[in-house]
Amino acid sequence: MAHIVIVGAGIGGMPAAYEMRELLGKEHRITVVNATDYFQFVPSNPWIAVGWRQREEITLPIAPYLERKGIGFIASAATALDAAASKLTLANGQTLDYDYLVLTTGPKLSFAEVPGAGPVSAGGGGFTHSICSVDHAQEFWADYENFLQNPGPVVIGAMPGASCFGPAYEFAFILDTDLRKRKLRHKVPITYVTSEPYIGHLGLGGVGDSKSMLESEMRNRDMKWITNAKTTRVEQGKLFVTQLDDLGQVYKEHEVPFQLSMMLPAFKGVDAIAAVPNLCNPRGFVLIDEYQRSKAYRNIFSAGVCVAIPPVETTPVPTGTPKTGYMIESMVGAIAHNIADELAGKPALAKGTWNAICLADMGDTGAAFVALPQIPPRNVNWFKKGKWVHLAKIAFEKYFLRKIRKGNSEPVYEKYVLKALGIVRLTEKN
């Protein structure tokens, strides 16, 4: 009998647990460990931040759904990993011995890299907000309600080293739409400040016409922007930015005023995992091979935001490569099949396709991109906008939450509809 421990119960960890349970015999034990006792659908956080969703609409208790599938659950953060001894220590004092460890921890939000950045609850200076967690989104909403009584300038964007740019664009457009609905947009100048070398770069070197389409959308919505932006510090009501040129030389210094700000931080690996010798790169992301396996420890696999992926290209201000939801599910599928194959005495040969599908809401319209695979060169590379994306994002929220409730790792939609579009999770084994 093998014991598989999964650390993290997010968009990667929950599907990993369900798929592992489907592939493995009942004699094998699966335990999920998570810092909180609830699952949160992170893509809906921008809606929470403007009051379009309530917390209970996008969160679910983890234990009942996992236990119904015969999967163990412990609500406690991992504090130490002894990879050589295959032992995990938790904040509640428990230790877990494992045969296989699956790391789907998500990131550590590294607000401290920019002095004065981050919401109060995250240990930052309290001058900028985040939408990376439901708690942070709720904190923005609380300040936003006060802001609406006395509107002023808003700054939205991404700090140096950020890797998940889609939500920043999404939030800027959602906030714009909400302010227009409230007849307050004329009182709120919006500046978009990003480490990307150009609008629509997305950490991917652009996808299709993303540059021209997003620039056009921002012009139509009267948004200003600063690219190649190295945010150096934040003070009350002021964002200090050094703008670089394409050669990495200082082009201009900015002091951007704001009354409310949401700046996505750089990501790092979580402390307990980053501290393990030879497991991670200098920023704490897990080094893996093409089969999602640790390069140093053969019984450790990893998927999602916590894995190390090199930047698509060198940029004047550091930008990371995003890991989108479907790409994460692709990684998770490969891990589940590889562990199942090894336990059956077969070689682990499953590889994720790392195909990227992104639906970004813009409040009243939306933008979608497909990059197959996510890392260039690509077989498919397009970016489109329309009302249908707004509706599709709403539908996907309901669909994914239902998938978590039901415990399906790959329902009919993903198995047949996406496959018909040439989008698959795993490559053919060879």
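Me: Is helix H6 mostly covered or exposed, and how many of its residues are buried?

Reply: Buried means under 20% relative accessible area, exposed over 50%, and partly exposed in between, with a 1.4 Å probe and protein chains only. By that scale H6 is mostly covered, with twelve of its 16 residues buried. Among them are Ala168, Phe171, Ile174 and Leu179. This is a predicted model, in which local features need pLDDT of at least 70, side-chain atom pairs count only at pLDDT 80 or more, and totals for chains, interfaces and linings use all residues. Residues are numbered from 1 along each chain as its sequence is written, and side-chain values use heavy atoms, with hydrogens and water left out.

Me: How do I read the angle at which H6 and H7 pack?

Reply: Helices are DSSP runs (H or I, at least four residues), numbered from the N terminus. Axes are lines fitted to C-alpha atoms, for helices over the stretch in contact, and angles run from 0 to 180 degrees between N-to-C directions. Under 35 degrees counts as roughly parallel, over 145 as roughly antiparallel, 65 to 115 as roughly perpendicular and the rest as oblique. H6 (residues 166-181) and H7 (residues 210-220) pack at about 25 degrees, with axes 11 Å apart; they are therefore roughly parallel to each other.

Me: Which residues of H6 and H7 make the contact?

Reply: Contact means heavy atoms within 4.5 Å. H6 supplies Tyr169, Phe173 and Arg180, and H7 supplies Leu214, Glu217, Met218 and Asn220.

Me: What follows H6?

Reply: Lysine 183 follows H6, and its phi is positive, near 60 degrees.

Key
Helices (H or I, at least four residues) and strands (E, at least two) are DSSP runs, numbered from the N terminus.
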